Amino acid sequence: MSQIQISFLRHKCIGCNACVEAAPEHWVISKTDGKSYLRKSRQRGQYFLKEVNWLEYDANARAAANCPVKIIRLKEV
């Protein structure tokens with residue numbers, strides 16, 4: 001079974017908390033700078049990346065849809 005890759009442009013985050021509300025098991029607001037952080041992600045260039053299974057797709061799709069600056073993307077890998 002394939003997985004879903006979440007990509008996130010953290011430097012463009014405005015700290016609105018929409019992703020945390022949709023998928024708190026994957027997203028948290030940093031106490032340091034007030035921006036969202038994708039838990040257990042790895043950084044590649046400007047992107048933070050994380051692979052999740054299909055069972056976690058719906059919550060993260062809501063996080064992406066709710067993001068007002070549209071900096072969260074999901075794709076099948």
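Glu51 is partly exposed, with a relative accessible area of 29%; on this scale, buried means under 20% relative accessible area, exposed means over 50%, and partly exposed lies in between (1.4 Å probe, protein chains only). The model is predicted, and local features need pLDDT of at least 70, while side-chain atom pairs count only at pLDDT 80 or more and totals for chains, interfaces and linings use all residues. Residues are numbered from 1 along each chain as its sequence is written, and side-chain values use heavy atoms, with hydrogens and water left out.

Glu51 has a charged partner: it forms a salt bridge with Arg42, and the closest N and O atoms are 3.0 Å apart. The term salt bridge stands for a side-chain nitrogen of Lys or Arg within 4 Å of a carboxyl oxygen of Asp or Glu. Like Glu51, Arg42 counts as partly exposed, at a relative accessible area of 36%.

Gln5 itself lies in strand E1 (residues 4-8), where strands (E, at least two residues) and helices (H or I, at least four) are DSSP runs numbered from the N terminus. With a relative accessible area of 11%, Gln5 is buried. Beyond its neighbours within four places in sequence, Gln5 is in contact with several residues, among them Arg42, Glu51 and Arg73; contact here means heavy atoms within 4.5 Å.

The structure holds 2 salt bridges. One of them joins the side chains of Arg10 and Asp33 at 2.9 Å, N to O. Arg10 sits in the loop between E1 and helix H1 (18-22), and Asp33 in the loop between strand E2 (27-29) and E3, so this pair ties together parts that are 23 residues apart in sequence.

An open sheet is formed by 4 strands in the order E4-E5-E1-E6, with antiparallel pairing. E4 and E6 stand at the edges with a single partner strand each, so one side of each has no neighbour in the sheet. Direction ignored, neighbouring strands of this sheet are turned by 30° against each other on average; axes are lines fitted to C-alpha atoms, for helices over the stretch in contact, and angles run from 0 to 180 degrees between N-to-C directions. Two strands pair if DSSP finds at least two bridges between them, and E4 is joined to the antiparallel strand E5 (residues 47-52) by 3 bridges. Within this pairing, Gln43 stands opposite Phe48 in E5. Helix H2 lies across E1, E5 and E6, running at about 145° to E6.

Phe48 is buried, with a relative accessible area of 13%. Leaving aside neighbours within four places in sequence, the residues in contact with Phe48 include Ile6, Phe8, Tyr37 and Ser41. Ser41 is found in the loop between strand E3 (36-38) and strand E4 (42-44), and it counts as buried at 14% relative accessibility. The side chain of Ser41 also reaches the backbone oxygen of Leu38 at 2.7 Å.

The structure holds 3 aromatic pairs. Rings of Phe, Tyr and Trp (its six-membered ring) pair if their centres lie within 6.5 Å, and planes under 30 degrees apart count as stacked, over 60 as edge-to-face and the rest as tilted. Tyr37 and Phe48 form an edge-to-face pair, 6.1 Å centre to centre with 75° between the planes. Tyr37 lies in strand E3 and Phe48 in strand E5, so the pair ties together parts that are 11 residues apart in sequence. Another pair, Trp54 and Tyr57, has ring centres 5.5 Å apart and planes at 40°, so it is tilted. Trp54 is partly exposed at 33% relative accessibility, and Tyr57 is partly exposed at 29%.

Technical notes: A polar contact is a pair of N or O atoms within 3.5 Å; within protein, one must be able to donate a hydrogen and the other to accept it, and residues adjacent in sequence count only if both atoms are side-chain atoms.
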